[in-house]
Amino acid sequence: MAKLWGGRFSKNTNELVDAFNASIDFDKRLYHEDIRGSIAHAGMLAKCGIIPAEDGEKIIAGLKDILADIEAGNFHFDVTLEDIHMNVEARLTERIGSAGARLHTARSRNDQVALDMHMYMKREVAEIAELLLKFEEALLTVAKKHEKTLMPGYTHLQRAQPITFAHHMLAYFNMLQRDFRRLLGVWEGADMMPLGAGAIAGTTFPIDRFMVAEELNFGTVYPNSMDAVSDRDYIIEFLSFASTLMMHMSRLSEEICLWSSTEFGFVELDDAFATGSSMMPQKKNPDISELVRGKTGRVYGHLMAMLTTAKGLPLTYNKDLQEDKEGFFDAIDTVKFTLAVYRDMILTMTVNVDKMAQAVSKDFSNATDLADYLVRKGLPFRQAHEVVGKCVAYAIHQGKFLPEISLEEYKQFSDLFESDLLVALKPEHCVEARKSYGGPAFSENEKQFAIGDKVLAVQ
Ligand code: ARG
């Protein structure tokens, strides 16, 4: 089809150039925003007397028909028309004649694509926010169910101190809550309307950018036309939100892979959320967690790609900026999939309460509590640490755990030890005693649940 910019050219475009230059294969995703944006633009042009009112009406009706056609699958996207903007505009003019040819008055694809991307971003951010909250809600549900489920907490992947599964899940809830706040920031960053910037320097026509902003529910308007067409900060902000969220999801994934191994056996994924092996009949693999861990790298890649694309560009629009889309779309899909599948996966997984309890009672994660016990009897902490270190070495040598050492044996290390030391060693006591703000004590987690319920209710 003839190019909309063909006037100064005397030859057809080389086929490879058409194919390489085109973005229609991926930017057709923007069709809804492109058409809504054009409707707002045409309405404004007519109201401001820049185009005849009846042309405005024809344009709007024509665009609505095109929208219906696309939604019904009756629209042929033509690669020679390069992108979504020219596909829609060419079809409009084909349908309604010269009125369609007035649509692009006071507009460039540079501000048009920026508008589409801002609108698309806002819509997707709203959907992601919902998925994120639903996942947070699931984390809270699992946490509440396992308020009293004891397990070893790890540092350096070595058993460190007893905690509860609830406390562990609440840690993720807090991480995701920060992601949610970052997402709100992304929305605000995208809530600025670029249309009217033209190709670079605004327009000679008496347009009303604020009218368009209001029509399309934007809070503000870009105050500088050059910034409006070259800004991609909002995409970088989204990708950096997505990278951080995926980093959190990847850490959870790593834990689920570990926990579902035979060595840990802390959780078992529901059959609907695990996969088998084509060769080994016994296998049940946590593919979803592995994929989320794997896809995280891809999302980081998109962030790095966007930063790199933007870093060397002179103002304002350069075609390099067309590269802002595929990574952005892919990150959106990845984040949405991850949140949706993870929600159901964690709600259906079996938490092996006995296996966790067994792990926490057969280890030395209560050693700090024994040191704290001596401190309460008057010994300075550094000395208590030394004494308990010796007790641990002695127990390991005897092939025993701390509760299995007799009081007489303990007395060899310090005569501050009394028979009540056994209470201090009980994992549930270790947890219950940690009432410091933010600690794993049941009473502290109850407060966290209440806070969690409250933030989910207001968001
Ligand atoms: N497909 C282009 C993009 O996504 C639209 C803007 C093209 N502008 C231009 N002056 N060639 O960036």
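Visitor: What makes the set of 97 residues a nonpolar core?

Guide: In this predicted model, a nonpolar core is a set of buried residues such as Ala, Leu, Met and Phe, joined through C-beta atoms within 7 Å. The largest such set has 97 residues, and those with the most contacts inside it are Leu139, Met169, Phe238 and Ala242. Helix H6 gives the most to this core, with 16 residues.

Visitor: Why is this core said to lie between domain 1 and domain 2?

Guide: Domain 1 (6-105) and domain 2 (110-198 + 223-358) both give residues to the core, so the core lies between them.

Visitor: Which residues is methionine 169 in contact with, leaving aside its neighbours within four places in sequence?

Guide: Contact here requires C-beta atoms within 7 Å. Methionine 169 is in contact with Leu139, Val142 and Ala143, once its neighbours within four places in sequence are left aside. A second, separate core has 13 residues, including Ala371, Tyr373, Leu402 and Leu421.

Visitor: Why does alanine 42 count as buried?

Guide: The cut-off for a buried residue is 20 or more other C-beta atoms within 10 Å. Alanine 42 has 27 C-beta neighbours inside 10 Å, so alanine 42 counts as buried. Alanine 42 is found in helix H3 (residues 31-47), and touches Gly56, Ile59, Ile60 and Leu103, not counting residues up to four places away in sequence. Between alanine 42 and glutamate 57 there are 8.3 Å from C-alpha to C-alpha, and the two are 15 residues apart in sequence.

Visitor: How many residues does each domain bring to the contact between domain 1 and domain 2?

Guide: The domain assignment gives domain 1 (6-105) and domain 2 (110-198 + 223-358), with C-alpha centres 35 Å apart. The contact takes 11 residues from domain 1 and 11 residues from domain 2. On the side of domain 1 that touches domain 2, helix H2 (24-27) and H3 each give two or more residues. H3 gives the most to that side, with five residues. By class, the side of domain 1 that touches domain 2 has two nonpolar, four polar and five charged residues.

Visitor: What makes up the shell around the ligand by class?

Guide: The shell has three nonpolar, three polar and four charged residues. Among the residues around the ligand are Ser23, Asp83, Arg109, Tyr317 and Lys319. Helix H6 (residues 109-145) supplies the largest share, three residues. Domain 1 and domain 2 each contribute at least three residues to the shell.

Visitor: Is glutamate 82 buried or exposed, and why?

Guide: Glutamate 82 has 22 C-beta neighbours inside 10 Å and therefore counts as buried; the cut-off is 20 or more. Its phi is near 70°, a positive value in a residue other than glycine. Glutamate 82 is found in the loop between helix H4 (53-71) and helix H5 (84-96).

Visitor: Which peptide bond is cis, with omega near 10°?

Guide: The peptide bond from leucine 315 to threonine 316 is cis, with omega near 10°. Threonine 316 is found in the loop between helix H11 (287-311) and helix H12 (324-348).

Terms used:
Residues numbered from 1 in each chain as written. Predicted model: local features only at pLDDT ≥ 70, side-chain atom pairs only at ≥ 80, totals over all residues. Near = placed C-beta within 6 Å. Helix = DSSP H or I, 4+ residues; strand = E, 2+ residues; numbered from the N terminus. Nonpolar A, V, L, I, M, F, W, Y, C, P; charged D, E, K, R; others polar. Domains from an automatic or database assignment. Buried ≥ 20, exposed ≤ 12 C-beta atoms within 10 Å, placed from the backbone. Contact = placed C-beta atoms within 7 Å.
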